[in-house]
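Here is a short tour to read alongside the structure. Keep the viewer open and follow along, heading by heading.

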Amino acid sequence: MRRVFTAASFLNSPEFARGLDGFRHRVPAQLQSTGISELDALLAGGVPRGALVELCGSVSSGRTGICFSLLAAATKRQEACAYVDVSDSLDPLSLASIGVDLTRLLWIRCGFPGSSNVCKQNQLSFSSKSGQIMMGNTARKPNRTQTWTHPRDQIRGIESALPSSMRHTKDLKIETKGNKTPPVVLSFPKSSGTPSITSRGSNALGKRNAAFSSKPWKRLEQALKATDLLLHSGGWGVVILDLGSIPWTDTCRIELSTWFRFRRTIENTPTVLVLLVEESCAKSCSSLVLHCQRKNENWSRLNSQDQSSGIATLDGFQIEGKILSSRTGLQPMDSARWMTNTLWIDSF
Amino acid sequence: MVFGCIFIPDFSVQAVIRQEKDLCGQPVAVLQGAPPLTKVVAGNKVAKDLGVEVGMTKLQAECCGQIEWRWRSLLQEASAQAALFDCAYTVSPRIEQVRNANEADFFDCVLLDLSGCDKLFGSPQKIANHLKKMAAEVGLEPNIAIAGNPQVAVSAARGFSGITRIHSGSEAAYIGGLPLSSLALPLELRETLGRWGIHTCAEFAALPQIAVIERIGQEGRRWQQLCRGGDPTPLIPREPRAQFEECMDLDFPIDLLDPLLFVLNRLLDQVCIRLRMQVLATTELKVTLTLESENLSRKEPLLHIRNLRLPVPVSESKSLLKLLQLDLQGHPPSSPVIAVRVSAIPTRPRTRQLGLFLPMSPEPEVLEITLARIQSVVGEGRVGSPALLDSHRPCAFRQDHFVLADPCLNNYSTDRSPKTALRIFRPPLPATVQLQNEHPRSISFENRQNLILAFAGPSRTSGEWWSEAPWGRDEWDVLVPVARPEAQLENSFRDRPAKEEHTALYRIYRDLHSNHWFVEGIHD
């Protein structure tokens, strides 16, 4: 007898009930311990896996120490971790003293022009025997009417969208090539094209690429691209995107679709993506937003009455972590406090 | 005993066609010699049907019709010979390379000892089919013969196309019908027999043996014995050389990456197929690009060499091509490319035991490509795992290539109290510090001047006083007020006060040698 399929029969079918049971009894998210017992107690076990977690706070609020503890716990379980360092501010000594297995940590240092920019310059400088400039096979020009850009490239050229007051117009050179992807022409890099390097004051120890450092968007572009590549390759336990040194006014201008795309990439995977920021910028894309604030410093002085004696050491400070928002059932505004020690306390 | 022979007809042409599969089915002729002495040295069957003959000049051959011309490449022929050897090695370890009758250094034939191979591969017919399939994978179309006598197998492979199976006792009948040109007879002997009216092996075998010895010598006796199906010459096996190299000479210079990758893809495919034939992989790949030189008087070729070192053995051409692409994008050659050579250092493939409880880690092949991509974004030397140096000098570390560590028992203990971290400024920020009673009172850096609310120190560290670069510093930890931007305060959460004081803990130091102050980092 032929069974007639109707909507009513589907609602009463065992297949639908099975799916509904799955919705009702959602599998709780796996949690990754942070390595700090008070924080783990606040978070009911740790940060959720397969989710985007934001650690926000101002400078010296203890958020970097929390990230390092998270890395230590993950590397102890022999998971591979990655740290995307936008401002090149990571201290390997701090990592090692907190207990991170450095061999299992991939450190990506942004803030350098990179080889891709050098190659683009070479396209214009390559010349054939006859001296004509060869720009590639003209018979294979890309489609000019194409308007879709890969999400990974959406951040490119965003500096042109910023108001003039937000830009350093003297150092900025915007290449408005649209969606063209010219072929890579093989040629040897000529001795030109590196941005001018200016030194800070009378610093004779080293020179910073001032032109590049004054453009946080170039570093952000590198960092977001590197994070995208890492998340798509998969297999990472913890990936930390350190935007702690980037002003909030810049990080809030990162498109929300970027965070959404990151969240979707790590969904149903064991990877934890941690954003280290001044203020929350991922909005609803983050599963947990934790705000950190430094409360009290612990100065050990020979003479506790006299704060100006100078013979003292900074032994640490107290941190308060507060949940601002959570998708894992935690109560917002719950907080916890714990003491941290500086590197030379309890040294091994 | 059973012997097999793989013969590649028109070897020079096939050595070219295996790298340019578009030429399959088209008339192809190979030229050699400097003009005006350029002559045809080989042509495939289609070209010969059009009238091309070996020894013709190019001008004569052009009258035969639309022919695809290629210059002879000894390197490509060497690669083809190595590929042929690898094919044979998949079946039997006892292999001998047979020279061409006309050229001493030319091996277009391979002889195999198939004794005992029937247990692995089955009947001789199945072995022959397997060899044909292996040869097709490396781009060669062979003639295969299997006989109880090595020289009979060689003669049959040279004389008959396709697969020939000669049963024991019928060698004379099979070989008899072949012309004398199918044997590797010296040219002089062949001409002598031709003048006598002897053109086939059967006619030569029918001559009286003593008369042949009297006129030609023992060599003639040996050839006559071969024509009768018997030759006691044993197979002399050769140890295979572990050399996996493919090369191609380009007809015109290439100055774009995409066509170069197309060529590299073909060569890598062949290399990886040959590696897999011998159950090998590679951890080091060397790509040599011969460049077009503008200086015509230059005798040595201009080369652009790239070495790819892989952390794990790889035998997939796709991964290698991607890594090569990223490498060439970062290190392009200085001139158009006129020849490409790819060579792989063989190694044992990676063996690992999978488990249910292994820690999570990225796939090694995918990881390597990801690292190369990230490196092309952020620059060389900026991607890797940090490693501390054995030195007390501040910020003494290096960055090693990131390699997945094997799971092991570690002694790391996380039962430690939470610690603060230091965010480093690279390079350190120059600062001006005003002192009061030898204590820091105010600090100015990055166009900001702040009073120091609290401080700790100094802590003196120094080292390497015995070297040419000694270092020494007095370190302080200072508490400094920090101004927050108005926009940030406006968007703060409601429960926090709009104007709250913010301070930061900096690590500053005074260099003892230069007496300059710097801001090293922030405690966070």
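In what order do the strands of the open sheet of seven strands in chain B follow one another?

## The seven-stranded sheet

The order is S17-S16-S15-S21-S20-S19-S18 in chain B, and the pairing is antiparallel. At the edges stand strand S17 (448–451) and strand S18 (454–463) of chain B; each has a single partner strand, so one side of each is left without a neighbour in the sheet. On average, neighbouring strands here are turned by 35° against each other, direction ignored.

For a look at one pairing, take strand S15 (residues 422–436) and strand S16 (residues 439–445) of chain B: they run antiparallel and are joined by five bridges.

Chain A has an average pLDDT of 73, with 58% of its residues scoring at least 70. Over residues 115–146 of chain A, pLDDT stays under 50, and the model has 41 contacts beyond four places in sequence for them. Residues 162–209 of chain A also stay under 50, with 77 such contacts in the model. Where pLDDT is low, the predicted coordinates should not be read in detail.

Chain B is divided into domain 1 (3–227), domain 2 (244–294 + 301–347) and domain 3 (422–523). Between the C-alpha centres of domain 2 and domain 3 of chain B the distance is 51 Å.

Chain B also has an open sheet of four strands, ordered S9-S12-S10-S11 with antiparallel pairing. Its edge strands are S9 (244–254) and S11 (302–314) of chain B, each pairing on one side only. Neighbouring strands of this sheet are turned by 15° against each other on average, direction ignored. S9(B) pairs with strand S12 (residues 337–347) of chain B over seven bridges, in the antiparallel sense, and Met248(B) has Val340(B) in S12(B) as its bridge partner. Helix H13 (residues 257–277) of chain B packs on the sheet, where it touches S9, S10 (281–291) and S12 of chain B, and its direction makes about 30° with that of S12(B).

## Where a helix of chain A meets one of chain B

Helix H8 (residues 216–233) of chain A and helix H15 (residues 364–378) of chain B have axes that come within 10 Å and cross at roughly 175°. Angles over 145 degrees count as roughly antiparallel, and H8(A) and H15(B) are therefore roughly antiparallel to each other.

Among the residues making the contact are Leu229(A) and Leu230(A) of H8(A), and Leu367(B) and Ile374(B) of H15(B). The contact residues of this helix pair divide into eight nonpolar, three polar and two charged.

Terms used
Residues are numbered from 1 along each chain as its sequence is written. Chains are lettered from A and ligands numbered from 1 in the order in which they are written. This is a predicted model: local features need pLDDT of at least 70, side-chain atom pairs count only at pLDDT 80 or more; totals for chains, interfaces and linings use all residues. Domain bounds come from an automatic or database domain assignment. Two strands pair if DSSP finds at least two bridges between them. Helices (H or I, at least four residues) and strands (E, at least two) are DSSP runs, numbered from the N terminus. Axes are lines fitted to C-alpha atoms, for helices over the stretch in contact, and angles run from 0 to 180 degrees between N-to-C directions. Two residues are in contact if their C-beta atoms, placed from the backbone, lie within 7 Å. pLDDT is the predictor's confidence in each residue, from 0 to 100. Angles under 35 degrees count as roughly parallel, over 145 as roughly antiparallel, 65 to 115 as roughly perpendicular and the rest as oblique. Ala, Val, Leu, Ile, Met, Phe, Trp, Tyr, Cys and Pro count as nonpolar, Asp, Glu, Lys and Arg as charged, and the others, Gly among them, as polar.
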